[in-house]
Amino acid sequence: MKSDIPKEVRAVAGLLEQHGFSAYLVGGCLRDILMGRDPKDWDVATDAEPGQVQSIFPESVYENQFGTVGIKTDAEDPKLKIVEVTTFRLEGKYTDKRHPDEVVFARTIEDDLSRRDFTMNAIALRLGSGSIVGDGDELVDPYGGEKDIQAKTIRTVGEPKERFNEDALRLMRAVRFAAELGFEIEMNTRRAMEQEAGLLEVIAKERVRDEFTKMLMAPDATRGILLLEEMDLLRYVAPELRDGLGVTQNKHHIYTVFEHNVRALEYAAKQGYSLEIRLASLLHDVGKPKTKHGDGPDSTFYGHERVGAKLAVRALERLHFSRDVIERVAHLIRFHMFYYNVGEVSPAGVRRFIARVGPETIDDLMKVREADRIGSGVPKAVPYKMRHLQFMIEKVKSDPVSPKMLGVNGEDVMRIAGIEPGPKVGQIIAVLLEEVLDDPKRNDRDTLEVRVRELAELSDVELAAMRRKAEERKDEFERGIEEEMKKKHWVQ
């Protein structure tokens with residue numbers, strides 16, 4: 001075990017030692033060092049109490065009840081700007097399965113390690129004077145954590161049921177670590193997780209969300225989803241996904257709905273895509289079980305993208321994801337079904353597609369579509385038709401596709417037409433946009449000003465009729481896509 005310890009961490013530990021206290025590296029940073037990974041942060045445990053730590057390090061922050069003091073450093077590396085120093089502690093009973101009833105400071109590192117979740121996290125390293133781990137450093141490993149790390153095993157400290165009853169979020173953490181580190185969960189730990197799965201229901205949804213997010217962003221996110229299901233935890237995290245278990249599809253799909261969704265996530269994770277794209281890939285077909293008609297090779301799922309978007313909103317709201325994430329994921333799911341064939345869709349059709357989806361969403365939507373395709377078992381993520389659509393999007397992306405891109409705005413319309421703020425202004429803008437989507441050359445200010453005056457002469461009823469006609473053109477375009485999809489793919 002040889003690894004560089006940053007000088008900032010050594011300095012913090014050294015100063016604690018100089019004042020007669022002990023200092024140990026603990027937790028994830030030590031686990032990462034033992035695995036040969038780059039630690040994400042640095043944690044030091046000590047027998048000094050928070051007030052004593054603060055007296056040694058005046059430039060520090062202490063704003064919690066768990067004995068953790070944040071020591072500020074001058075490091076340029078963001079991971080080293082704060083070194084967390086935590087007093088050895090024991091924890092009382094967990095009446096609510098979430099938080100210890102009380103936190104008691106302990107005197108020894110062994111007492112501190114005894115309260116930790118898994119053996120791989122219950123190791124401490126007392127820092128000596130060397131600059132490399134192993135030079136005068138003392139490893140404290142009472143539960144065989146180093147051996148479990150070498151064996152890639154996740155095992156609780158002590159009796160598994162007791163650990164999970166203390167803090168039920170450890171059920172999620174075990175799965176997350178398995179996905180993140182590529183470890184196996186030890187059999188007794190696994191059995192206890194299956195038996196105590198219901199405890200997850202009492203955990204604050206924000207805490208579940210945070211672990212779920214880390215799991216989805218892990219290299220093997222798919223394994224995390226499968227483990228959640230195997231251990232009966234998925235019903236407490238994303239029950240909407242479970243509805244796809246055993247639901248067969250049609251002749252264009254070789255996997256069940258659940259398998260397809262998980263494989264789509266697998267592709268998105270392998271590509272290193274964002275959280276929103278991973279969530280959309282995982283949830284993109286959750287509407288299929290509720291929209292399935294018929295059975296066998298000719299079954300259909302018309303409208304599943306609209307139903308799926310609503311189900312995704314429900315699932316993500318339950319987990320208290322941010323409104324921005326929820327809206328973005330739902331939008332990607334709502335529009336993930338689109339048909340494009342070379343020569344069948346005009347540039348105006350592509351502009352309407354961009355206007356409907358949003359220019360800022362197109363790239364992410366294409367990535368979800370790639371995940372959808374690979375999740376279906378096809379060999380190519382981006383076939384020729386998709387490449388051609390991307391070419392067409394690139395070709396027209398500078399064309400006006402939203403009201404903001406028109407040569408006139410609402411204030412211009414009121415000034416040119418001499419009208420007050422009201423619905424008529426919005427109707428005129430809507431008609432102008434539809435006309436410009438058909439022919440971008442019309443997005444000339446002089447041309448638009450003439451057209452504004454013409455439209456302003458029309459009654460509200462006439463304007464509303466023009467707007468409906470424009471919307472019908474869009475609907476006709478979309479219906480044509482849907483009918484073609486029904487004929488060619490038997491899905492919607």
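1. In this predicted model, Arg451 forms a salt bridge with Glu454, the closest N and O atoms lying 3.0 Å apart; a salt bridge here is a side-chain nitrogen of Lys or Arg within 4 Å of a carboxyl oxygen of Asp or Glu. Arg451 and Glu454 are 3 residues apart in helix 22 (residues 445–456), so about one helical turn separates them. Arg451 is partly exposed at 23% relative accessibility, and Glu454 is likewise partly exposed, with a relative accessible area of 41% (buried means under 20% relative accessible area, exposed over 50%, partly exposed in between, with a 1.4 Å probe and protein chains only).

2. On the basis of the reading: this is a predicted model, in which local features need pLDDT of at least 70 and side-chain atom pairs count only at pLDDT 80 or more, while totals for chains, interfaces and linings use all residues. Residues are numbered from 1 along each chain as its sequence is written, and side-chain values use heavy atoms, with hydrogens and water left out.

3. By the salt-bridge rule the count comes to 40. One of these is between the side chains of Glu180 and Lys40, at 3.8 Å from N to O; Glu180 lies in helix 7 (residues 169–181) and Lys40 in the loop between helix 2 and strand 2, so the pair ties together parts that are 140 residues apart in sequence. Glu180 counts as buried, at 13% relative accessibility, whereas Lys40 counts as exposed, at 52%.

4. Arg173 forms a salt bridge with Asp117, with the closest N and O atoms 2.8 Å apart, and this pair links distant parts of the chain, Arg173 being in helix 7 and Asp117 in the loop between helix 4 (109–114) and strand 8, 56 residues away. Asp117 is buried at 7% relative accessibility, and Arg173 is partly exposed at 22%. Salt bridges that share partners join Lys40, Asp117, Arg173, Arg176, Glu180 and Glu211 into one network.

5. Turning to the sheet, 7 strands form an open sheet in the order 3-4-5-2-1-8-9, with mixed pairing, and its edge strands, each pairing on one side only, are strand 3 (60–61) and strand 9 (138–140). Helices (H or I, at least four residues) and strands (E, at least two) are DSSP runs numbered from the N terminus, and two strands pair if DSSP finds at least two bridges between them.

6. Strand 1 (residues 23–26) runs antiparallel to strand 8 (residues 124–126), and 3 bridges join them; Leu25 stands opposite Leu125 in strand 8.
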